[in-house]
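Please keep the sequence and the structure in view while reading.

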Amino acid sequence: MKVKRVLISQPRPANIEKSPFYELSRKYDVEVAYRPFIKVVGVSLKEFRAQRVEILTHTAVIFTSRTTVDSFFHICEEARITVPETMKYICQTEAVALYLQKYIVYRKRKISFADGSFTSLVELIIKHKEEKFLLALSEPHKPELPETLAKLTLPVDPVILARTVASDLDDVSLADYDVLALYSPTDVRTLVEKFGTEQLPAIAVFGEGTLRAALDAGITVLANAPTSEAPSMAKALDIYIHKAEAGEEIAPVALVTDTRKEEFIRTQQHKLTKKSRVRRPAADTATRK
C-alpha cells in the first residue's frame with residue numbers, strides 16, 4: 001500500500017525543513033499536513049481563585065508547558081501579585097525554562113530544568129524537596145506527576161492554569177489521509193466526537209495515555225511511540241510506512257504497562273524515608289541540649 005498523505009495533529013512547524021517529519025516526507029515522497037485537534041487556553045482569574053490556592057505561600061513553581069507559564073504570569077498580573085525574587089522555577093524541559101525569559105530575567109532567577117522525561121523531572125523536584133511547590137497543570141492532564149508527588153509526601157499544591165478545548169475541524173476530511181498521528185488523550189476524544197471511530201485512516205499515537213484512550217474508544221492503533229524501537233513519532237511513522245509499502249502485515253498495537261515507573265517511585269520513597277530517618281536523631285540531640 002502506498003502512503004500518500006499523513007496528518008499530524010500538531011501545529012505546523014515554523015521551519016518545516018527542521019521538522020523531524022521533513023526527512024520522512026522526502027524519504028517516502030509523502031505529503032505531511034499539520035492540523036491541531038486541540039488548543040489550550042488559560043483559565044480566568046475567577047476560575048483560578050475558585051481553586052483557593054495562594055501563589056505567595058509557595059517558594060517554587062513547577063512548569064511542564066509554556067502555556068501554563070503564560071497563564072501563571074497573566075494571573076499574577078491580573079491579580080496584582082508581585083512574584084518575589086526568591087521564587088524558584090522547576091521546568092520539565094530546557095525549552096520551557098528558556099521561555100521564562102518572556103517574563104523574568106533568566107540569569108537572576110533560580111531556574112532548574114529536567115531533560116523532558118518523567119523520572120528526570122521527579123528527581124529534580126526531590127533535589128529541591130525543602131521548597132513548597134505550586135504545580136501548574138493543564139486540564140485534562142496526566143495524573144502520574146501529581147499522584148507521584150503525593151506518594152512521595154512532598155509539599156505540592158496542584159493548580160489548573162489552562163484548559164484544553166477542541167479545535168474547529170469542520171473543514172477536515174479524514175478520507176484525504178492515509179495516516180493520522182495523535183498526541184494526547186484529548187486528541188483522541190476530539191477525533192471520536194467529531195469523526196466517530198469508523199472508516200478512520202491508520203492511527204498512530206504518542207504516549208501511553210494516548211494509546212490507552214484510543215484502545216478504550218475501540219480504535220485500532222497501528223503505530224506508537226515512544227518505544228525502544230521508535231523513540232519518536234517520526235520514527236514510528238517511518239517504520240509503519242516502510243512496512244505498509246513493503247506489503248508486510250502490521251499487527252495492532254497492544255497496551256503494555258511500564259512497571260519501571262512504579263519501581264522508580266518505590267525507590268524514591270525509600271530514599272526520602274531514609275534521609276528523613278538520618279536527619280531526625282540530629283534534630284532530637286539538638287532539642288535535648
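In helix α3 of this predicted model, the buried residues are Thr68, Val69, Ser71, Phe72, Phe73, Ile75 and Cys76. The helix covers residues 66-78, and one of its residues, Asp70, takes part in a salt bridge.

**Helix α3**
- The 13 residues of α3 reach 18 Å from the first C-alpha to the last, close to the 18 Å expected at 1.5 Å a residue.

**Salt bridge between Asp70 and Lys102**
- The closest N and O atoms of Asp70 and Lys102 are 3.4 Å apart.
- This pair links distant parts of the chain, 32 residues apart, with Asp70 in helix α3 and Lys102 in the loop between α4 (94-99) and β6 (110-113).
- Asp70 is partly exposed, at a relative accessible area of 25%, whereas Lys102 is exposed, at 53%.

**Other salt bridges**
- The count of salt bridges comes to ten.
- Among them, Lys2 and Glu245 meet through their side chains at 3.4 Å, N to O.
- Lys2 lies in the segment before β1 (5-8) and Glu245 in helix α9 (residues 233-245), so this pair ties together parts that are 243 residues apart in sequence.
- Both partners are partly exposed, with relative accessible areas of 39% for Lys2 and 31% for Glu245.
- Arg212 and Glu208 also form a salt bridge, at 3.1 Å from N to O.
- Arg212 and Glu208 are separated by about one helical turn because they are four residues apart in helix α8 (residues 208-216).
- Arg212 is partly exposed at 35% relative accessible area, and Glu208 is partly exposed at 30%.

Technical notes:
Residues numbered from 1 in each chain as written. Predicted model: local features only at pLDDT ≥ 70, side-chain atom pairs only at ≥ 80, totals over all residues. Heavy atoms only, no water. Helix = DSSP H or I, 4+ residues; strand = E, 2+ residues; numbered from the N terminus. Expected span 1.5 Å × (residues − 1). Buried < 20%, exposed > 50% of the residue type's maximum accessible area, 1.4 Å probe, protein only. Salt bridge = Lys/Arg side-chain N within 4 Å of Asp/Glu carboxyl O.
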